Amino acid sequence: MSAACLRVALPVPLPRLFDYLPPDGQTAAAGDVGRRVRVPFGPRELAGVVVAVGPPETAAGLRRALAFADPAPLFHGELLDSLLWLARYTHAPPGEVLATALPAPLRAGEPLPDTHAWAWALTEAGATALAGLRRGTRPRRLAELLQAGPLDEDRLDRELDGWRPAARSLSRRRFAERVAVPAIAQTPAAQPGPLPNPGQQAAIEAIAAVEGFAAVLLEGITGSGKTEVYLHAIAQCLARGRQALVLVPEIGLTPQTLARFRARLGVPVHALHSNLADGERARVWAAAWSGQARVIVGTRSAVFTPLPDAGLIVIDEEHDGSYKQQDGIRYHARDFALVRGKALGVPVLLGSATPSLETLHNAGAGRYAHLRLRQRAGDASPPQVRILDVRKRPLQAGLAPETLETIGAALREGGQVLVFKNRRGYAPVLLCHDCGWSAQCPRCSTPLQGTPMTVHAGGGRLVCHHCGHRQARPPACPDCASLALQPQGIGTERLEELLAERFADWPVLRIDRGTTARRDGLARLLAELGQKPGILVGTQILAKGHDLPNLTRVVVVGVDEGLFSTDFRAGEKLAQLLVQVAGRAGRAQRPGQVWWQTHHPDHPLLHALIQGGYDGFARDELALRQAAGFPPFAHLALLRAEAQQAEAAGAFLQAARDILLEAGGPAAAPIDLHGPITAPMARRAGLYRMQLLLSCPHRPALHARLDAALPAIHALPQARRTRWSLDVDPVDLY
Ligand code: ADP
Ligand code: ZN
Ligand code: ZN
């Protein structure tokens, strides 16, 4: 029998492990599992992770690993097991899943970074020299601050403007020095919150009573005090000496949110999001790994945070689309958090004003506890919703006269107005009024299906929102040379233009990805406005996150775009959006009004929402899904293929379909295969797109079929001429 070897997961697109002999002079031991190791791979050198130790599959030609990158395992028990489960569930290479779970420096094989914070201290020489420093200067003031003891840099940022040059000046004279201090030392004092109302109290107690794993849905409209419940649950978790992980959607992780958590919990709160520098992400990861970080608040990929002392996982806005990763390893952070919570034996708290239908279905079936907060916290009153029929009404930039009137009234009363439109740019289409030509993206259009380019910059530029292609607006129609090129439809830029002209006495702020590319851009814009009357025009960035206590009117302009869509989730998304946007109004003492402008005032979705609320809508919609055999009553997997030629993508999917059909064998559970068909977006960034949808009411049967078929699909000669991917539980079917 040959000696044990290392079974290594490598970040390569092959869904298997690779065997290596241990590095020179070492033996492979069970304790190596979870360590990163550098290995030769073809002519290259790669960093991988040891996931097992055992006899090699074939002893011949085994290569030797170069060196371990970690003295101790980086992935301990639960996280490694959960990630390997995720690799099986997404049918993705384990090495790629493990790499996805790591911040970039760790993925590249760098050592775990230090997790200390930096502080400044006065030296003995500095203490002696202090009295001789010129009074009133920054170095003198800094030295005085440091007299009482070292201060960390965060604290100095708050205490003394321009302390850094002063510190450099002191350090040159050896009067002060920079020292490492444990990050945990910088503990602010916890501030008390409001007294929980009876609904919150019941929820807090129900969560405290959970032992081990349980999924708990906390349903409550925006402003009903869910975050207060999270804060209490986290405090209980901290009191038991455990770590808490809080996931928030991309647009929900604001400086306001973090400040609230920090102020209330009395421990450092570590943030993890896409705007952090790589080194910073690695430091937070390391602090969680070592158990130093007790509360981690982050967006989607924070679900991969190691939690050696886990006590609680919270998922805020669990229905939010940003939890689904749309390329690479297509995981769903909410679903993976539930898997981890079960493996860790800790409660998972799912909060939302508009729970996903999947979650409501699980709650209805008794798999999740269902807690509700029925009132708004404090004395805020719910907004009043009205449907405004705009058929035959003269519209200005898409706004009816009544809408303009109510905006004006709200401003004159001193309130703020939110005008919501889910389209960035000036106009969605540029049209020739003489011949009907319209500007299409050359990289995303086919002869049968055009993808219009969005007009930006007041009409001067054309941008494709799907592939980013940009070009100048043509001076004349390329087909008929007419000068009558007209922007058609309404985007946020055009709304801003009209509103600024109509309401010239008040500020008009446009808030979309164009104006708030940086995370703090939005906070800065809103701080400038403060409580003053004014208008906010924006996309869904505005639907959640920032408190706007003086908001008294909300106008939703593009309701109709969501009412008729081929996507079976479109109704759910629209209902969530309408409820979330409405939730922005009337959070303060002033009652709010919400106006939905539509050409379809009788649409059942709108009436279900108004009469039965989100619950009523969800009941109707679940019944429709069940009748149609859509999730959550069926489980989907989507095989996508992209290629220079549509035929290449089609040929690959056809061959994959044949394999999937055969792989079942005569006794297999039936699986529906739809396609191959052209993807709803037929071409993007120059590649033709096709898809094959798999649907099955029985999840294990779907996975068994994929397991049986995928090796042969990977080996298809047609696979080499396409870029293909498998998306289990796809959220968007385009
Ligand atoms: P949600 O997370 O559901 O949107 P929050 O927890 O943010 O709700 O609460 C909304 C507002 O109401 C916040 O300003 C919060 O401080 C306040 N609030 C929450 N609970 C209470 C309470 N029990 N008494 C008074 N104010 C509260
Ligand atoms: Zn023309
Ligand atoms: Zn394009």
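Student: How much area do domain 1 and domain 3 bury between them?
Tutor: The domain bounds come from an automatic or database domain assignment. Buried area is the accessible area (1.4 Å probe) that two parts lose on being put together, summed over both. Carbon and sulfur atoms hold 80% of what domain 1 and domain 3 bury between them, and the total is about 1,600 Å².

Student: What pLDDT do local features need in this predicted model?
Tutor: Residues are numbered from 1 along each chain as its sequence is written, while chains are lettered from A and ligands numbered from 1 in the order in which they are written. Side-chain values use heavy atoms, with hydrogens and water left out; the model is predicted, totals for chains, interfaces and linings use all residues, side-chain atom pairs count only at pLDDT 80 or more, and local features need pLDDT of at least 70.

Student: Which three residues supply more of the area that domain 1 buries against domain 3 than any other three?
Tutor: Domain 1 covers 5-107 and domain 3 covers 198-373, and their C-alpha centres lie 29 Å apart. With contact defined as heavy atoms within 4.5 Å, 21 residues of domain 1 touch 16 residues of domain 3. The three residues in question supply 29% of the area on the side of domain 1, and they are Glu 78, Leu 79 and Pro 103.

Student: Which residue forms a salt bridge with Glu 78?
Tutor: A salt bridge is a side-chain nitrogen of Lys or Arg within 4 Å of a carboxyl oxygen of Asp or Glu. The rule finds one across the interface of domain 1 and domain 3. The closest N and O atoms are 3.0 Å apart, and the partner of Glu 78 is Arg 340.

Student: Which element gives the largest share of the side of domain 1 that touches domain 3?
Tutor: Helices (H or I, at least four residues) and strands (E, at least two) are DSSP runs, numbered from the N terminus. Domain 1 and domain 3 have four residue pairs in polar contact (both at pLDDT 80 or more), a polar contact being a pair of N or O atoms within 3.5 Å; within protein, one must be able to donate a hydrogen and the other to accept it, and residues adjacent in sequence count only if both atoms are side-chain atoms. The elements that give two or more residues to this side of domain 1 are helix H1 (77-90), helix H2 (94-100) and helix H3 (104-107). The largest share, seven residues, comes from H1.

Student: Where does His 91 lie?
Tutor: His 91 has a positive phi of about 55° although it is not a glycine. Most residues other than glycine have a negative phi. The place of His 91 is the loop between H1 and H2.

Student: In which strand does Pro 676 lie?
Tutor: A cis peptide bond, with omega about 10°, joins Gly 675 and Pro 676. Another cis bond joins Pro 631 and Pro 632, with omega about 5°, and Pro 632 is in the loop between helix H19 (604-628) and strand S27 (635-643). Pro 676, by contrast, is in residues 672-684, strand S28.

Student: With which side chain does the side chain of Arg 300 make a polar contact?
Tutor: Arg 300 is in the loop between strand S12 (295-298) and strand S13 (310-315). Leaving aside neighbours within four places in sequence, the residues in contact with Arg 300 include Val 248, Tyr 323 and Tyr 331. The C-alpha atoms of Arg 300 and Tyr 331 are separated by 9.4 Å, although the two are 31 residues apart along the chain. The polar contact of the Arg 300 side chain spans 3.0 Å and is with Gln 325.

Student: In which strand is Cys 432 found?
Tutor: UniProt (unreviewed entry) also gives "binding site" for Cys 432, Cys 435, Cys 477 and Cys 480. These span 49 residues in sequence, yet no two of their C-alpha atoms are more than 8.7 Å apart, so they gather at one spot. Cys 432 itself belongs to residues 429-432, strand S18.

Notes: UniProt positions renumbered as here; feature names shortened; annotations may be inferred.
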